[in-house]
Each structure stands twice: as structure tokens, then as C-alpha cells.
Amino acid sequence: MAGVVRTIPDKCRRCYTCVRYCPAKAIKVEEGQAKVIEERCIGCGNCYKVCAQSAKEIKSSVAEVRDLLAGPAPVLACLAPSFPAAFPDLIPGQIASAVRALGFAEVLEVAFGAELVGRAYARLARERPDHLVITTPCPALVAYVEKYAPSLLPNLAPIVSPAIALGRVIREKYRPEARVVFIGPCIAKKQEIDEPSVAGVIDAALTYLELRQMWDEAGIDPASLPPGAFDGPPPAIGRIFPVSGGLLKTAMLRGDVLENDILVTEGRDNVLEILKTLRSDRDALEVRFLDVLFCEGCIDGPAMDDRLSIFARKERVANYVRSTCTPEARASFEAALEEYGSIDLSRTFCDRSIALPVPTEEEIAEILRQTNKFTREDELNCGACGYDTCREKAIAVYQGLAEAQMCLPYLIDQLEENVAKLKLFQRELRETQDQLIQSEKLASMGQLAAGVAHEINNPLGSVLLYADLLYRELPSGDPRRDDLRLILDEARRCKSIVQALLNFARQNKVLAQATDVNRLCRETVEEVERLPLFEKVRFLWQLDPELPVIRADPAQLRQMLINLLNNAAEAMPEGGTVTISTRHVSAGGDGVEISIADTGCGIPEENLPKLFTPFFTTKPIGQGTGLGLAISYGIVKMHRGSIDVQSKVGVGTTFVIRLPATLPVGEDTGEVAGGRI
Ligand code: ADP
Ligand code: MG
């Protein structure tokens, strides 16, 4: 595994919490997964700490340590000073015994390195009182300055961390032939031990969690072991180093709230804030000695057992310090200091800054537009994406670190829009289904009607023929002539019903010719408006002057228009208006749309599905046959068109007819009928 932290594929659930907590913008969201960018990562472990899904994994050094232990050289374990707080169930001596049980030759306390480092800081503060010194035991802080605040490199204290200090003691004097393994709460240590100016001092960095894993795998129960002693040079007050302000205490520097020259600050936000301030203006603050850590002391490190609160951890460390500070211990500490105090603790830093492309204002605006942010007010800065502001996120998108779509308010809007669209689709689907059922019903009815009509047509023709013959043969004045007249009238009425049924069943031919629908409408209205039924009807016109001439049967269309106009007039016994509109339509093929809207009584919703069914009528017997709409429907269908109705009771009814501009070859006879149109 490259890098010290990585995302476990598919465990990441897109909460963007790690993006929010990463101080280095080292997390890139790609295909919904938050990936750690190795070159940008500073190893602070924030992402590991905050991930509720446990989707972050720390690079394991267990195999490496096992190899060292299996090798010929003695392996020395260097326990970070936070160890008394790392295992709530163990006392410090048991930890030493359990580490030794794994095969380590010796177990040393890194706190001795902290003693040396503390003294180096005291010297530095004395020697350069006017120079701003930033402390460097926190490897994440060092990496941050090297990568993102290189202008502060001259201010980094050129002093190694306590772990490296102890490592150098071992290498140079204490046991040069040994291999050294650091064990602590820190992830960044895994990076630090390979940095050029300190590389080769520590062979591997193990976390407390990995140590626990090794015990488990080796079947060691540390709680059952008797407490053992530590090896190597003994520390004293330096054991307090992992607690907030521990460096000052070890270096015997005093931070006073009334004095501004020494400042201790910790945690991602504070560290970023103070570095930003100092970067823009070194003299913005009076501070001259700045102790900064990404965690709240090393006892808050990412690989600490978090069953104990930070306060309980501090107490454990302090108790350990007090219990070990005896006069005898003090004497052996002084002796060790005498022996190893001259070890070189210096180190250097390098500029490892990574420049990211900076977008122009227009490029930022363009990215913001992708999530519907057009004005300042649209930028909600809700932080759900992991960035403090929409602008910061847009910049991250430009830099390839974030995805434009990771915007919660935008996604909610999208979701609502999609739900609305889905509802619309569902409604359309339902309507289409209803129409399909309706047209299938009408089609089967048409078949029945056509069958009956055909069967009746011939005998009816005979009735008419012979009744007419008889009528003509009888002399005028013969009383039987009246009966025959009645037979003839009724038979003709039957004939027209049969004709209507054949129309409905689309059994008639379309005699297509070039038809000017506007003209046809005008002429039909001219014809009907003289009738008494239309006395109180006012006509309004909205005819499209650009309406194309279509191929249609004008006589049939005229019939259809008359049927619709009759219904409109009958729906407005007290009078009203009929608006006739036409319009050129191109969606779904070139064609025309005719709409006939009245201000009549309207049609109750329950009647709508029955409208085009033959013999459906709401009119009294003798007034309505219920065939007008059925015929119109047949005519429209013969023209490959559609007829729809919208109606509101008490408001009015609109019939909308769509006709294609041309008829399919085969149905268009190509004839141009003579006559009025
Ligand atoms: P009819 O007019 O002989 O009743 P139609 O097929 O022409 O038969 O019409 C069927 C029924 O549809 C009518 O009886 C009426 O209830 C209803 N209808 C049709 N057009 C309208 C309209 N414009 N306004 C109100 N109701 C209408
Ligand atoms: Mg009618």
C-alpha cells in the first residue's frame, strides 16, 4: 500500500466528512469514493479518526516488524511517552513485559529522547530570542509546512523529534548494532522515519493498534504478565511530553497568559489558522515560540485506544510521571544525560510544495453554474460537500479534487425535479393506457357495428326499394300511401343510422384531396349559423394564417365539424361562444390542429370515457342519437388523426382534433374531388 492512509474500496459512503477534516486537501472524491492522494497527505490521521464507516486503513508495519524480529540483529522497541494512556487495561510495567514477550531485545522509553529535545529547544529559545521558532516534534505539522507553507520553513526548529533523538542515541552510542522499532499513537511517524534528513535511524514505526494486533496474533495476554522494567537511558519529567504543553514543561519554558512570546496551539483548525496568519504576515503576532501539533497532544493521536477520554489519558500520563520521579531515578537520569547529552539533534527541512492550478473567476463561475449557482445568494455555503464554501469547492473541482455533483442542496433539487418528472411520466402513461383501452374498446365495437350494419344494409335496401315501388304504384288519394310514406321515412332513418355506424367503423373511403382547413371551417360555420339552433351562439376565430393545406376528405371533415358544432350549440341553450382555432403542428409529424371550444354546460368526468361510444347520449329520446361523436371519431381515425376532449362542468368543453398533413400512400386515393372545397 502506497501512502500511510488509504480508503478501503466500497466502504466509503460519500459523507465527505474526511474531506471536511483533511487539513491538506489531500482527499479526492472520484466516482463517489474519497481517495487519499499520497503526495498531498501529511499523515495527520484526521480522516482515519473521523470516518464513521471505518473506511480508512492505515498502512500496516506488522509484517516488516515481524521480519526484523526474525532477523539476527537485536530489535529495540522505543515506546512513545503516551504509552501509559494507550492501554486502559494495563499498567505501564505490563506493557514493557508484553512488548518484550514479542521478541524485542529491549524496551526503551522515547521520553528520554524528549528530554534531549526539550533541552535543545531551551537552548534555541535562548540563543535566538527574536526569531520565530515553530516546534517540530509533530511530523504532520512538519509535512504541512514543507508542502503547504514553505515560506515558514526557516522558522521550523531544526531539531529532530524525540523518537529520532532516541534513535540516534541508540545508533550512535547505546547499541549501534541493534534495529530500532518505534511504537506510538502516530500515523505520520511512518512517513517521518523515511525523510532524508532523519532516514536510517528508525527501522519501522508501529502503532499501538498494531502492537495490540501482534499480541493477539501471538496469543499474548499482556494483562496476565507481571510488570517488567524498562531498558535504556531513563527519562524524568520528559514523560509528560505527549500531554498538551508537554514540550514547554520538558524544556522548562514557561508560557504565561500575560506574555505573548510563547504560544501552544493544537488541532486542525487552530493550526491552519495560525499558519495562515503567519504566512501572510510574519509579524502579525508577537509570538516567538510556537508549539503546534495537529492532535491535542500525542495522547490524542489517531492510533490511540479511544475508550479513555482525553482527560483520563492525561491523568494516566501525569500519574506515571509522578510515580517515576524518585530521587534515585533522578540520579540515573542525570547520569544518562551526561552520557548521551552530546548527541547531534539537528535536522533539515525541504521545500516540497505542490502547486495546484488556480482557476480564473470565470472558470469558478462556470463550475458553480453546473450546480445551479448563478448568484451569490445561490451559494448556500452549507459545508455538506466537505468544503467550507461553495467557492472553495468549485476551486477543488477545478483542481480535480472534488466532483461538481457533490452538492447536497443541488442533489435535493435534482431529486425533487426527477420525482416531479416521474409523476408526470406516470400520469402520461396512465392516460395513454386509458386511451389504448378506450380505442381498443371502440375498435371492437366498430367491428360489431360494421357487421350489423352490413347485414342490415341489404334487407333495408330491399325494404326501401319495394316500399317505394308500392308507393308509386298506388294512386294518389289511396289511404295506404300514408302508411307507405311512414315505412319509407323510418327505413331511411334506419339507413342513415347504418351509414353512421359504417362511418364509426371506418368502413368508408377517404376521398383525399388538397384541403384548406381554415376555409372549410369558415364555410361550415357559415352554413350552420343560419339554423335556429345557432341563434344565440357567437363565433370567435383564431385561425392560423400559416396553416398548411392538408390531404383530407373535405366532405367527411365537414360532417365532423357539423357534429361538433351541433353538440356545442346544444350544450349552450341559453347561448354562448364557440371559439374555433387552428394551428400548424410539427411535433409528431407535420399536421394541423383544430380546436372547437364552447362555453356550455361541460361534461361530467364520469361521462368522458363513454363519449365516443355509439349510442351514448345524455339527451332525451328523439333529440339525441348518440352517434355524432362516434361518427366524428371514425372520421378522424380514418384520417389517421386524433381527437381529444377537455371539459369542465359549468365552464365549457373543448374538442381538439389533430390531422396529419398527408395520408399514407394507399389511403390517399390521389383524387381531387370537385365541389365546394
Ligand atoms: P348526441 O349529441 O346525439 O347526444 P353525440 O355523440 O354527439 O350524441 O354526443 C354524445 C354526448 O356527449 C352528448 O349527449 C353529450 O352528453 C355529450 N357532449 C358532446 N359534446 C358536448 C359538448 N360540447 N358539451 C357538453 N356535452 C357534450
Ligand atoms: Mg350530437
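A disulfide is a pair of cysteine sulfur atoms within 2.5 Å. This briefing concerns a predicted model, in which local features need pLDDT of at least 70 and side-chain atom pairs count only at pLDDT 80 or more, while totals for chains, interfaces and linings use all residues. Residues are numbered from 1 along each chain as its sequence is written, and side-chain values use heavy atoms, with hydrogens and water left out. The structure holds zero disulfides and 37 salt bridges.

**Cysteines**

- The sulfur of Cys41 lies 6.3 Å from the closest cysteine sulfur, that of Cys47, which is too far for a bond.
- Cys41 is buried, at 9% relative accessibility; buried means under 20% relative accessible area, exposed over 50%, and partly exposed in between (1.4 Å probe, protein chains only).
- Cys325 is likewise in no disulfide, the nearest cysteine sulfur being that of Cys298, 19 Å away.
- Cys325 is partly exposed, with a relative accessible area of 42%.

**Salt bridges**

- A salt bridge is a side-chain nitrogen of Lys or Arg within 4 Å of a carboxyl oxygen of Asp or Glu.
- Arg347 forms such a bridge with Glu195, their closest N and O atoms being 2.7 Å apart.
- This pair links distant parts of the chain, 152 residues apart: Arg347 is in the loop between α14 (327–340) and α15 (361–369), and Glu195 is in the loop between α9 (189–192) and β9 (204–207).
- Helices (H or I, at least four residues) and strands (E, at least two) are DSSP runs, numbered from the N terminus.
- Arg175 pairs with Glu177 in a salt bridge, with the closest N and O atoms 3.0 Å apart.
- Arg175 is partly exposed at 23% relative accessible area, and Glu177 is partly exposed at 44%.
- Asp489 and Arg492 meet through their side chains in a salt bridge of 3.9 Å, N to O.
- Both Asp489 and Arg492 lie in helix α18 (residues 480–504), three residues apart, about one turn of the helix.
- Asp489 is partly exposed, with a relative accessible area of 37%, and Arg492 is partly exposed, with 40%.

**Domains**

- The protein chain is divided into domain 1 (5–43), domain 2 (60–340), domain 3 (361–406), domain 4 (419–508) and domain 5 (509–677), with bounds that come from an automatic or database domain assignment.
- The C-alpha centres of domain 2 and domain 3 are 40 Å apart.

Technical notes. Chains are lettered from A and ligands numbered from 1 in the order in which they are written.
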